[in-house]
Structure formats: C-alpha cells, structure tokens
Amino acid sequence: MKIGLVLSGGGARGIAHLGVLKALQEQQVPIHQISGCSAGSIAGTMFSAGYSPEHIFEIVVSTNTLKAFRPAFSRLGLLKMQKAEDIYMKYLPHNSFENLKIPMVVNATDIQLGESVFFSTGELIKPVLASCCIPGLFEPVNFANKVLVDGGVLNNMPIEPLESSCDFIIGSHCNPFGRNPNLRSMQTILQKSLYLAINNNSKPRIARCNFLIEPPALKEYDPQDVRKAKEIFKIGYDYAMSLDIKGSLDT
C-alpha cells in the first residue's frame with residue numbers, strides 16, 4: 001500500500017506537523033509521498049530530505065525565519081526572501097526535488113493567472129519559499145516564468161497530487177477554525193478574514209483524506225506566535241499519538 005501525507009499551511013501552527021511526523025515514525029507508519037503548502041511545504045521538504053522532526057524543529061526555531069527576511073522596499077511587498085533562501089541552501093545544498101529521499105510536491109499560487117501550481121521536479125528552494133509567500137507581506141517570488149505567492153490562497157490542503165499515486169492519504173491539518181474574541185484592530189480582522197477564506201478552500205479537500213489529523217487545541221494558538229513553538233509541537237505529537245493511525249491502514 002502506498003501512503004501519502006498532505007500537510008496544510010498554518011504559520012506557526014505548522015510546527016504541529018513536526019509533532020505529527022514524529023508520531024507517524026513512532027507508530028511505524030511509512031510515508032511514500034508528501035504534498036505540502038506553506039508551513040507544510042517546509043516541514044515536508046525537510047523531512048523528505050532526511051532530517052528528523054526534532055532536528056527540523058531546532059532548525060526552524062534557531063533560524064527564526066522572520067528575522068532572516070529583509071525589507072524589499074517594493075510596492076509589491078514589505079519583505080524579501082533572499083536571506084531565507086540562503087538559510088535553506090545551508091540545509092538543502094542539492095536544491096533539487098530529485099535528491100529528496102521521499103517524493104515531495106509543493107504548491108504555490110500563480111497570482112497572474114489565478115491558479116494553483118504544483119512543483120515536484122527541478123529546483124527546490126524557490127518553490128518552497130513561494131509556497132510561504134504571504135501576499136502583501138512578502139514580495140512575490142518570480143520563478144519558472146510565473147509570479148508566485150502563498151499556495152494557501154487557493155489551496156491550503158493540496159491533496160490533488162497524491163490522489164492518482166497513493167492508495168491511502170493521511171491529512172495533517174493545523175488550521176482548525178475557532179472563535180477569536182480579540183478582533184480589536186484592522187490587522188486582526190484582515191488576518192481572520194484570510195483564515196476564513198483558507199479554511200473554506202480546505203474543507204472539500206479535507207473530506208477526501210482517508211485519515212485526518214487535526215488537533216483541536218491548535219485553535220487557541222495564533223498562527224504568528226512562534227514563541228509557543230514547543231507547545232505547538234507537543235500538541236501535534238500528543239494528538240497524533242492518541243489516534244490509531246497504523247490500525248486505520250488495515251480497515
């Protein structure tokens with residue numbers, strides 16, 4: 001049986017994917033292909049490269065990705081991805097999908113054509129950064145003759161690349177919807193509106209997963225709060241360990 005894993009976007013909540021990956025390893029669930037969006041593309045790519053979930057956690061926390069971005073001073077966005085690209089080159093020097101140990105698919109949004117784009121061959125790091133490129137905050141990534149932004153704009157749960165090649169698909173969704181009582185600024189209202197749109201495009205894809213891992217406790221955590229990374233990792237791990245994932249494969 002060929003098992004696929006789809007990892008959603010979700011900002012800092014995406015650290016929960018690392019806890020899920022640790023639980024999958026401990027439950028001896030083999031993963032044959034991964035598809036990821038935004039934070040899920042980072043977790044999936046690093047795992048596919050052979051890094052352990054614990055090591056990926058250390059890398060993400062120690063590099064503090066936001067500090068790696070520099071101002072773009074552009075009318076297209078506030079921050080630029082160059083320093084982040086330099087960091088990932090350190091850990092992924094081959095910069096190639098073909099050199100990953102597990103086949104990986106990354107999605108981004110072509111902002112000009114208004115469509116999702118899937119990458120699984122060739123250059124690796126730019127598609128991953130494009131998948132994380134929040135519109136308005138980061139300058140779009142120009143790659144493969146396309147202008148690319150965050151994959152979650154149109155598809156935050158990119159299950160499609162796995163459906164034709166996998167017999168069983170596990171979904172790890174780190175963006176459970178929850179009430180936010182602190183809508184006291186335009187920023188929080190815009191952020192909440194974005195997550196509502198993202199959740200809406202995820203629902204039909206979540207329903208197509210054979211097994212879903214969605215820790216409900218994540219709704220209490222802000223997608224931008226990397227200070228609670230250890231708690232978020234533990235939530236992903238504990239929740240996944242509470243599920244009989246391996247047993248579900250036999251049903």
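Serine 248 is located in helix 10, which spans residues 245-248; helices are DSSP runs of H or I with at least four residues, and strands are runs of E with at least two, both numbered from the N terminus. The model is predicted, with pLDDT of at least 70 required for local features and 80 or more for side-chain atom pairs, whereas totals for chains, interfaces and linings use all residues. Residues are numbered from 1 along each chain as its sequence is written, and side-chain values use heavy atoms, without hydrogens and water.

Serine 248 is classed as buried because its relative accessibility is 11%, the limits being under 20% for buried and over 50% for exposed, with partly exposed in between (1.4 Å probe, protein chains only). A polar atom of the serine 248 side chain lies 2.5 Å from the backbone oxygen of isoleucine 245. Beyond neighbours within four places in sequence, serine 248 contacts Phe168 and Phe211, a contact being heavy atoms within 4.5 Å.

Isoleucine 245 touches Leu24, Gln27, Val29, Ile170, Phe211, Ile213 and Ala240, residues up to four places away in sequence being excluded. In the largest nonpolar core, which has 62 residues, Leu24, Met46, Ile170 and Ile245 touch the most other members. Such a core is a set of buried Ala, Val, Leu, Ile, Met, Phe, Trp, Tyr and Cys residues joined through side-chain atoms within 4.5 Å. A second, separate core of 8 residues includes Val6, Ile159, Ile169 and Ile206.

The chain contains 10 helices and 10 strands. Of its 251 residues, 55% are buried. Among contacts with a separation of 6 or more, 74% involve residues 24 or more positions apart.

Notes
A polar contact is a pair of N or O atoms within 3.5 Å; within protein, one must be able to donate a hydrogen and the other to accept it, and residues adjacent in sequence count only if both atoms are side-chain atoms.
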